[in-house]
Amino acid sequence: MQSPTHNSLLGLTLQELTELVLKQNQPAYRAQQLFDALYRQRAEQLNHIFTLPREYRAQLGEQGWGVGLPRITRKFESRDGTVRYLVEMADGETVETVWMPEGDDGESGDGSEAGDEIESGMAAARRRATICVSSQVGCAVNCRFCLTALLGVKRNLEAGEIVGQVVAVLREQKVEPPTQRINLVFMGMGEPFLNYENFMKAVRLLVDGVGIPASRMTVSTAGIVPRIHDFGREAVRPKLAISLNGSNDELRSAVMPLNRKWNLSDLMQAAREFPLRARERLTFEYVLLAGVNDAPEQAREVSELVRGMRAKVNLIALNPGPELPYQTPEQERVLHFQRILVASGIPAFIRRPRGRDIFAACGQLKRTIDVAPGEVEDSG
Ligand code: SF4
């Protein structure tokens, strides 16, 4: 895996910025000015940071420092308002970041209570949205129902590149601070728990810098068990969603080969031990694949797995895609699966697919620019 070669300011913490400015014989308060400019004001270039003296901006530039904001190079707009952005990093690698306006059908991205609050006023409504963020270029996990898996993994994203996607999309969507109404889901390209340090650093910067509360963030993991334990010990952390997708080991290993490394008993033990906060629930995601994992018997197995936990299940009917060996189940089959879970006392929700027509829905993030309909403009 290669790393970007630019000296990006985006991605530095306040402490790291303080060390930098002190080394350059600048007063310590310059660090806060930089921090605010990068994360709150979303500066695109050093020259736009007018709180800094011109000479200091020039000095930073001469030393090879730049803002390091990733560039939106293409965007695809769906009929339902979802926008899929192709975001380019300094080394030319691209990931996809998705903007879903007005939450996710009342589920605020992950079905949490965050979206249940009553709010009024058009301004507030306009600011309500969920951004789906990528954590790696491609993905190594190889879930069989996922288009991103077909790319393999090219490299991890740096913390600044993860934060940068959010900053770039907030800029593009002209979202004015405060950003408390923005939900983030780390469910784009990549497995965040295989890029754990950068992911967690990005979370802290998004909270402290960009101003998005951690309670409005959800990270989804395919089941990297040791990192689930680490994640539970974090002082500041998003909510946790676990991709289940199989109700027994045989089935789950067929759909998610990762299950051979960390099987269901390891995974469910980690889930049961996960320290939930007051009013917090775990989410299990279950992609329904016609004739594979969508039978009533499998719904009963899922309820056995989840029984007794403070958790809910999000059901997602497979988003069809080229090159995938699975079909989308009938709506009635999805409803029946849900009814079985609900009857056993497990909250279960059917996720409305977003941006299906532009390949922006779950498991569909892949650079499909050759085939993607709905492109509206090149903004880069
Ligand atoms: S579903 Fe997520 S973890 Fe699985 S291959 Fe796709 S991007 Fe990776």
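Which residue just after helix 1 takes a positive phi? In this predicted model, that residue is Asn25, with a phi of about 60 degrees.

Helix 1 itself (residues 14-23) has three residues tucked away as buried: Leu17, Leu20 and Val21. They span an arc of only 95 degrees around the axis, so they end up on the same side of helix 1. The background here is simple: an α-helix has 3.6 residues a turn, so residues three or four places apart point the same way. As for what the buried residues of helix 1 pack against, the partners are helix 2 (29-40), helix 3 (54-62) and strand 2 (65-66).

Next come the aromatic rings, which form 8 pairs in the structure. Take Phe193 and Phe231: their ring centres sit 5.2 Å apart with 50 degrees between the planes, which makes the pair tilted. Phe193 belongs to the loop between strand 9 (182-186) and helix 6 (196-210), while Phe231 belongs to helix 7 (residues 225-232), so this pair ties together parts 38 residues apart in sequence. Both Phe193 and Phe231 are buried. Ring pairs also join these two with Phe186, Tyr196, Phe199 and Phe274 in a cluster. The ring of Tyr196 has the charged end of Arg227 over it, 5.9 Å from its centre. Elsewhere, Arg84 lies over the face of Phe76, 4.2 Å from the ring centre.

Finally, there is the ligand. Around it sit Cys139, Val141, Asn142, Cys143, Cys146, Ala149, Gly190 and Ala222. Sorted by class, that shell comes to 6 nonpolar and 2 polar residues, with no charged ones.

Terms used: Residues are numbered from 1 along each chain as its sequence is written. This is a predicted model: local features need pLDDT of at least 70, side-chain atom pairs count only at pLDDT 80 or more; totals for chains, interfaces and linings use all residues. Side-chain values use heavy atoms; hydrogens and water are left out. A residue is near a molecule or strand if one of its heavy atoms lies within 4 Å of it. Ala, Val, Leu, Ile, Met, Phe, Trp, Tyr, Cys and Pro count as nonpolar, Asp, Glu, Lys and Arg as charged, and the others, Gly among them, as polar. Rings of Phe, Tyr and Trp (its six-membered ring) pair if their centres lie within 6.5 Å; planes under 30 degrees apart count as stacked, over 60 as edge-to-face and the rest as tilted. Helices (H or I, at least four residues) and strands (E, at least two) are DSSP runs, numbered from the N terminus. Buried means under 20% relative accessible area, exposed over 50%, partly exposed in between (1.4 Å probe, protein chains only). A charge sits over a ring if NZ of Lys or CZ of Arg is within 6 Å of the ring centre and within 35 degrees of the ring normal. The arc is that of the directions from the helix axis to the C-beta atoms. Contact means heavy atoms within 4.5 Å.
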